[in-house]
Amino acid sequence: MGYRTITRYGRAMAAAVLLSPGAVVHRPVHEVQIVASRFTFEPAVIELTAGEPVRLVLRSKDTVHGFAVPTLNIDVQVAKSGGEPTIVEFVAPPPGRFEIACSEFCGSGHVHMKAALISSSP
């Protein structure tokens with residue numbers, strides 16, 4: 001399963017699923033806007049459908065934060081307020097709950113900065 005991090009917004013990727021030889025159907029990308037701030041992610045729960053192409057657009061309201069989903073090998077830095085958004089693109093994993101945590105120390109409440117990614121069956 002491949003994950004890509006694109007640090008410049010505006011670079012779109014077309015996701016496609018091969019159905020039969022020569023037939024390609026493009027699936028829409030499920031884009032989720034996420035805002036990091038001391039000491040929360042908004043939204044706190046990201047709901048996806050297994051197998052769908054996903055684009056997370058991450059921004060910070062204040063300082064530098066991290067966005068890590070260890071079981072999916074995702075760990076990116078989110079620039080402080082006013083910086084370029086961080087883009088993470090991947091295919092939603094099989095059904096399950098995946099814990100998200102801030103991976104850049106951002107202050108005294110850092111250890112409580114958590115969220116969840118929930119992937120459901122189609």
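**Exercise 1. The faces of strand 8**

Which residues point one way from strand 8, and which the other way?

*Solution.* The structure is a predicted model, in which local features need pLDDT of at least 70 and side-chain atom pairs count only at pLDDT 80 or more, while totals for chains, interfaces and linings use all residues. Residues are numbered from 1 along each chain as its sequence is written, and side-chain values use heavy atoms, with hydrogens and water left out.

Step 1. Strands (E, at least two residues) and helices (H or I, at least four) are DSSP runs, numbered from the N terminus. Strand 8 comprises residues 65-69.

Step 2. In a regular strand the side chains alternate between the two faces of the sheet. Here H65, F67 and V69 point one way, and G66 and A68 point the other way.

Step 3. Buried means under 20% relative accessible area, exposed over 50%, and partly exposed in between (1.4 Å probe, protein chains only). Five of the five residues of strand 8 are buried, so the strand is largely enclosed by the rest of the structure.

**Exercise 2. The partner of strand 8**

Describe how strand 8 pairs with strand 9, and compare the faces of strand 9.

*Solution.* Step 1. Two strands pair if DSSP finds at least two bridges between them. Strand 8 and strand 9 (residues 74-78) are antiparallel and share five bridges.

Step 1. At one end V69 stands opposite I74, and H65 has V78 as its bridge partner.

Step 2. Four residues lie between the two strands of this hairpin, where N73 takes a positive phi near 55°.

Step 3. In strand 9, I74, V76 and V78 form a covered face, whereas D75 and Q77 form an uncovered one.

**Exercise 3. Aromatic rings and the core**

Find the aromatic pair and place its residues in the nonpolar core.

*Solution.* Step 1. A pair of aromatic rings is described by the distance of the centres and the angle of the planes. Rings of Phe, Tyr and Trp (its six-membered ring) pair if their centres lie within 6.5 Å; planes under 30 degrees apart count as stacked, over 60 as edge-to-face and the rest as tilted.

Step 1. The count comes to one aromatic pair. F41 and F67 form this edge-to-face pair, with 5.5 Å from centre to centre and 90° between the planes. The pair links distant parts of the chain, as F41 in strand 5 (residues 40-42) and F67 in strand 8 are 26 residues apart.

Step 2. Both F41 and F67 are buried. A nonpolar core is a set of buried Ala, Val, Leu, Ile, Met, Phe, Trp, Tyr and Cys residues joined through side-chain atoms within 4.5 Å. The largest such core has 25 residues, and those with the most contacts inside it include I34, F41 and F67.

Step 3. Contact means heavy atoms within 4.5 Å. Leaving aside neighbours within four places in sequence, I34 is in contact with residues including F41, L56 and F67.

**Exercise 4. Two cysteines**

*Solution.* Step 1. A disulfide is a pair of cysteine sulfur atoms within 2.5 Å.

Step 1. The sulfur of C102 has its closest cysteine sulfur in C106, at 3.9 Å, which is too far for a bond. A search of the whole structure finds zero disulfides.

**Exercise 5. The chain and its confidence**

How many helices and strands are in the chain, and where does pLDDT stay under 50?

*Solution.* Step 1. The chain has zero helices and twelve strands. Of its 122 residues, 39% count as buried.

Step 1. pLDDT is the predictor's confidence in each residue, from 0 to 100. The chain has a mean pLDDT of 86, and 80% of its residues reach 70 or more.

Step 2. pLDDT stays under 50 over residues 5-19. Where pLDDT is low, the predicted coordinates should not be read in detail.
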